[in-house]
2 protein chains.
Amino acid sequence: MQQKPKRPRTRIEDIRRVELIDAAHRIFLKEGLRGLTSTKICSEAGLSQGILTYYFKDKEEVLFEMVRMNNRILANEIVLNLRRAHSGWERLMALIDGNFPAQRFDKQAASAWVSLYAEASHNERYARLLRPYYRRLRSNVSSILRPYLEQDKIDHFNLGFAAMIDGLWLRRGHADIDLSLAQAKSVLIDYVEKALPHEVIRLLSEPN
Amino acid sequence: MQQKPKRPRTRIEDIRRVELIDAAHRIFLKEGLRGLTSTKICSEAGLSQGILTYYFKDKEEVLFEMVRMNNRILANEIVLNLRRAHSGWERLMALIDGNFPAQRFDKQAASAWVSLYAEASHNERYARLLRPYYRRLRSNVSSILRPYLEQDKIDHFNLGFAAMIDGLWLRRGHADIDLSLAQAKSVLIDYVEKALPHEVIRLLSEPN
DNA sequence: CAAAATTTTGTTAAAGCGTACAAAAAATTG
DNA sequence: CAATTTTTTGTACGCTTTAACAAAATTTTG
């Protein structure tokens, strides 16, 4: 297992890598995973095509870094929102907000991410990439509900909660419906309110 | 607009078309939309590769016929289930059963169909293919609930219902979770029971 | 300005679709 | 029923896209 000899990163190298990752992100949003080709990434970045494999091992490395970058941003936003929350209920709402970022819940983004999810079910490497996101979601929900519910009830709730989030994103990607952010959130909040026992909701609402 | 001159279908032609569609279906389930190539379809069918465009316009026609075939089968099953039902509630359960066919709710099928849905959000021709399915679902739900709920409440319910179905299928396609048919249905039934007002459920349960 | 880093250009190889054509089989006709 | 035509089946090839790499050119740096 020969590792690539790592020299210290130059400023230019860091700049180019970010430029390429950003370009990849724009192409990805516009054309989905299938439309993401090396040539397009490079020309979107205003660089010539061969440059990609100078700074990255291959196209997948660019894509993977892009996904990781997005996961990081999302996770940070959620952490911030969670910090601001003063009750379990507010923390749940923070999770919902985090999973439906106002600036990014549009048809393009939804289509693009669904295309990645689709690939992940046929390709373990892609699946691994998405796992941190799901793990974090589950662990966040669990830690909020643990004081009030047994673990198997939490798991059941979690399944429905995660499925609903995914399903709403999937529906958002479809052209014939026009699903607004408000609608999506309202459906999800509705679900949370009704899926959790009243007693739990009452307890969650108390500030702490 | 020159139409293709249509000769009468020979027996052989019908046989080959079905063979190719079936082969395409097997490949599709195994490898998803991305893995579905003309060459694989033909060799899976035990025929040589050029034959595909002799019996079909192109690869997409095979795929589209495959999807239509599936839609037909699904729709027929649902109609049968609906006929057997004796109350609104049973009709709702029939819809759920129809959308989670025991023989077909597996990881392979889920992954494959999600890959088609992903493509549909970037390609209008694919999107059109899926529309009948959604229309039918919505119209079925509406006709069951119309006597008891205003249209906008029905639409709201419908959105969550459809999203939950899609979401559960999407989660089924992921390797790290092992979502059983029973679990999926239980989450969905739970949702229905809680999202609809008690009064409506009571009325739905009355035989008619 | 020489060495190193960066970028561009061009090439190669693989995959995949669709078409052109060849071969075989079946049907038709004199 | 033999010759001819038509239909059916199968193969081969060309075109395009794309990723990856190599080599050459340019720019930067010490």
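These are legends for a set of close-up views of a predicted model.

**View 1. Chain A on its own is built from helices.** In this predicted model, the secondary structure of chain A amounts to 10 helices and zero strands. Taken along the principal axes, the box filled by the C-alpha atoms of chain A is roughly 60 × 45 × 30 Å.

**View 2. Here chain A meets chain B.** On the chain A side, 39 residues are in contact, and they touch 39 residues of chain B. Together the two chains bury about 3300 Å², with 67% of that on carbon and sulfur atoms. If you want three residues to look at in chain A, pick A:His122, A:Leu159 and A:Arg171: they supply 18% of the area that chain A buries against chain B, more than any other three residues.

**View 3. Salt bridges cross the interface.** Four salt bridges turn up across the interface of chain A and chain B. Zoom in on A:Arg34, which forms a salt bridge with B:Glu119. The closest N and O atoms of that pair sit 3.3 Å apart. Over all chains, the count of salt bridges comes to 34.

**View 4. A salt bridge joins A:Glu124 and A:Arg128.** Here the side chains of A:Glu124 and A:Arg128 meet, with 3.5 Å from N to O. Both residues belong to helix α7 (residues 124-145) of chain A. Because A:Glu124 and A:Arg128 are four residues apart in that helix, about one helical turn separates them.

**View 5. This is the largest pocket.** Its volume is about 620 Å³. Of the 30 residues that line the largest pocket, the closest to its centre are A:Leu33, A:Arg34 and A:Glu119 from chain A, plus B:Arg34 and B:Glu119 from chain B.

View 6. Which elements give two or more residues to the lining of the largest pocket? They are α4 (59-84) and α6 (107-120) of chain A, together with α4 (59-84) and α6 (107-120) of chain B. Sort the lining residues by type and you get 10 nonpolar, 10 polar and 10 charged. Within chain B, domain 1 (9-66) and domain 2 (87-205) each provide at least three residues of the lining.

Note on methods
Residues are numbered from 1 along each chain as its sequence is written. Chains are lettered from A and ligands numbered from 1 in the order in which they are written. This is a predicted model: local features need pLDDT of at least 70, side-chain atom pairs count only at pLDDT 80 or more; totals for chains, interfaces and linings use all residues. Side-chain values use heavy atoms; hydrogens and water are left out. On a 1 Å grid over the protein atoms alone, a cavity is a set of points where a 1.4 Å probe fits but cannot get out, and a pocket is an open set with protein on both sides within 12 Å along at least five of seven lines; lining residues have an atom within 4 Å of a point. Grid points are joined across faces, edges and corners, and a volume is the space filled by probe spheres set on the points. Ala, Val, Leu, Ile, Met, Phe, Trp, Tyr, Cys and Pro count as nonpolar, Asp, Glu, Lys and Arg as charged, and the others, Gly among them, as polar. Domain bounds come from an automatic or database domain assignment. Contact means heavy atoms within 4.5 Å. Buried area is the accessible area (1.4 Å probe) that two parts lose on being put together, summed over both.
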